[in-house]
Amino acid sequence: AQAASLCLSFRAMAQVAQNLLLKVQPREDELAAKASMLNSVETRIADSWAPDLAAMEAVARVCLSLDCNAERVSAALGLSPKRLKAWPPTDLKDFACKVVAGFYSDD
């Protein structure tokens, strides 16, 4: 059954590719049939990610204690000096936010 469905999907993909090459437009009834098969979805705004303010404050303290020296801060926090130099932060808040988000990590 799975092999048959794969075969059908390959046939369908081949037909789509051929239609694109020939610039064949789908008929209205075909579009209506496909549209009726679509699932409806509800869009929600994600607010699940918020910066960890305590972690950002800790990063800022480390940075300030090392006079915001890029080499010393990257060594102390295990950051990528290459990424830090390539995309320097605009200010301390930007730096702390990027560190907490993993922007300066090589992982």
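Predicted model: local features only at pLDDT ≥ 70, side-chain atom pairs only at ≥ 80, totals over all residues.
How many helices and how many strands make up the secondary structure of the protein chain? The secondary structure comes to six helices and zero strands, where helices (H or I, at least four residues) and strands (E, at least two) are DSSP runs numbered from the N terminus, and the elements accordingly follow the order α-α-α-α-α-α from the N terminus on. Residues are numbered from 1 along each chain as its sequence is written, and side-chain values use heavy atoms, with hydrogens and water left out. Of the 107 residues of the protein chain, 14% count as buried, a term that stands for under 20% relative accessible area, with exposed meaning over 50% and partly exposed in between (1.4 Å probe, protein chains only).

The structure holds three aromatic pairs, a pair being two rings of Phe, Tyr or Trp (its six-membered ring) with centres within 6.5 Å, and planes under 30 degrees apart counting as stacked, over 60 as edge-to-face and the rest as tilted. In one of these pairs, the ring centres of tryptophan 87 and phenylalanine 103 lie 6.0 Å apart and the planes stand at 75 degrees, so the arrangement is edge-to-face. This pair links distant parts of the chain, since tryptophan 87 belongs to the loop between α5 (81–86) and α6 (92–101) whereas phenylalanine 103 belongs to the segment after α6, 16 residues apart. The rings of phenylalanine 103 and tyrosine 104 also form an edge-to-face pair, because their centres are 5.3 Å apart and their planes are at 80 degrees. Tryptophan 87 is partly exposed at 44% relative accessibility, and phenylalanine 103 is likewise partly exposed at 30%, while tyrosine 104 is buried, with a relative accessible area of 1%. Trp87, Phe95, Phe103 and Tyr104 together form one aromatic cluster.

Charged side chains also lie over the face of phenylalanine 103: arginine 83 is placed at 5.2 Å from the ring centre, and lysine 98 is placed at 5.2 Å from the ring centre. The criterion for such a contact is that NZ of Lys or CZ of Arg is within 6 Å of the ring centre and within 35 degrees of the ring normal.

The largest pocket holds about 280 Å³ of space. On a 1 Å grid over the protein atoms alone, a pocket is an open set of points where a 1.4 Å probe fits, with protein on both sides within 12 Å along at least five of seven lines, and lining residues have an atom within 4 Å of a point; grid points are joined across faces, edges and corners, and the volume is the space filled by probe spheres set on the points. Its lining consists of Gln15, Val16, Asn19, Val24, Gln25, Pro26, Glu30, Leu31 and Lys34, and α1 (2–22) and α2 (28–36) each supply at least two of the lining residues.

The loop between α3 (53–65) and α4 (70–77) contains aspartate 67, and cysteine 68 is found in this loop too. Most residues other than glycine have a negative phi. Aspartate 67, although not a glycine, has a positive phi of about 55 degrees, and phi of cysteine 68 is positive as well, near 55 degrees. Aspartate 67 is exposed, with a relative accessible area of 62%, whereas cysteine 68 is partly exposed at 42% and cysteine 63 is buried at 5%. The structure holds zero disulfides, a disulfide being a pair of cysteine sulfur atoms within 2.5 Å.
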